[in-house]
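Here is a friendly walk through one model, from its charges to its backbone details. Have your viewer ready and follow along.

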Amino acid sequence: MDDSRHALLTLLADGAWHTGVRLGATLGLSRAAIWKQIRALRNTGLTVLADRRRGYRLGAPLQLLAEDSIRACLDPGAQAALARLDVLLITTSTSGFLTALPAPPPGTMLACVAEYQSGGRGRRGRRWFSPLGHGLCLSVSWCYEVAPRDLAALGLVIGVAVVEALTRVVPTAAVELKWPNDIVADGGKLGGILVDVAGESGGPLRVVIGIGINVHVSSSLGAEVDADGGNLRPVAIDALVSDGPVSRNQLAGCLVNALYRNLGEFAGSGFTAFAPRWRTSDYLRGQSVTISSGSQRFSGIAQGIADDGALLVEVSGVLM
C-alpha cells in the first residue's frame, strides 16, 4: 500500500476543497508529488475535482474502511474467531491476498477488505470493477477439517449469508439471489460471489470466499459491471435507500457475522438447513433461462433448486 496515497485520500475524504500547498505541507510532499498521487487516484475510477485556486476535492465525501469500525460491528463469536483482518487501500485481489497466507485453523477465519481491486474477478474469470471507495470488496478464508456434505452448494450458502447481512443493514431493500452467484436488487445486479476451494475431500479443506457489492452510485460503474451481469443492469445500495448513505464498515461487519454463522452451520447440516432460506430469495424462479452444459445448450423455465442446490429447469414439461 502506498502510505502517502492513503494519507492523501484520508485528507480528501471530507469532500471539501484542499489546496495543493496545504496538502503538500501536511504530507511533506511537493506539489508535483501531490499531483502524481491525484492522478493515481483518478486511475482507480475515483472522481477528484481540481481548481487552480481552490485545489482538489472528491466528487463526494467518502467514508474509508477502518479495522476498528468493522470490528465494532462484530458479534462476540465472530470477534473471537476473526484471527486477522487486513484493510488495504489497493490490491490486485482480496481473495488472492488471503490465498497467499497460511490457512487459518478450523473454527477461525481471516478477512480482508480493500478500497479498490485492480484484478477483481467475476464469474468465469470476468472482471469485477468498482471505483475506489464505491463498493465493498471483502474476502474471507476458512478451513474445514473434513469437507462438508453438499460442498458444491457452498456458494449458495454464502448467498444466504449475504442476503441476511444486507437485510440487517438495508432492511427496506428486497435482495434476491440469481443462481448460482449473483446478488440482485430492484431488478439489477448488486454484486456477486466467488468461492475458491483447495484441499482433499478427507480434509483439511481451505475455502476462500470473495464478495463484491456495489455500495455507492458511480457513472463509471455501468459499463464495467454489465459485462458480467447476466444481462442485468448494475445497481448500487445507495440507489435503493432514501435515508442517507450506507456504512461500508457496518456492512463488512455484518457480512463477517453472517459468514461465520453460516460456515459453521454448514459443517453440521450441509445444505439442508439453507435450502428453504435460499428459496425465499430465488430471483430466477418462473423465468425463462438458457442453460449451457459442455457442448449442450437448452432453454426452459427455472423452477427453483433441488435439495442439493442444483438448478431445476422445466423443458417441454419435463423437470431437468
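The chain carries 29 positive and 27 negative side chains, and the centres of these two sets lie 9 Å apart. Lys and Arg count as positive and Asp and Glu as negative, with His and the chain ends not counted; each charge is placed at NZ of Lys, CZ of Arg, CG of Asp or CD of Glu.

A word on what you are looking at: this is a predicted model, in which local features need pLDDT of at least 70 and side-chain atom pairs count only at pLDDT 80 or more, while totals for chains, interfaces and linings use all residues. Residues are numbered from 1 along each chain as its sequence is written, and side-chain values use heavy atoms, with hydrogens and water left out.

**Overall build**

The chain holds 10 helices and 13 strands; these are DSSP runs numbered from the N terminus (helices: H or I, at least four residues; strands: E, at least two). Along its principal axes, the C-alpha trace spans about 70 × 40 × 40 Å. Buried residues account for 49% of the 320 residues, where buried means under 20% relative accessible area, exposed over 50% and partly exposed in between (1.4 Å probe, protein chains only). Of the contacts between residues at least 6 apart in sequence, 66% join residues at least 24 apart; a contact means heavy atoms within 4.5 Å.

**Cysteines**

How many disulfides does the count come to? The answer is zero, with a disulfide taken as a pair of cysteine sulfur atoms within 2.5 Å. For Cys-73, the nearest cysteine sulfur is that of Cys-254, 6.2 Å away. Cys-73 is partly exposed, at 27% relative accessible area. The sulfur of Cys-137 is too far for a bond, because its closest cysteine sulfur, in Cys-112, is 9.3 Å away. Cys-137 is buried, with 3% relative accessibility.

**Backbone details**

Most residues other than glycine have a negative phi, and most peptide bonds are trans. Trp-179 and Pro-180 are joined by a cis peptide bond, with omega at about 0 degrees. Pro-180 sits in the loop between strand S6 (175–178) and strand S7 (182–185). Two aspartates with positive phi are set out below.
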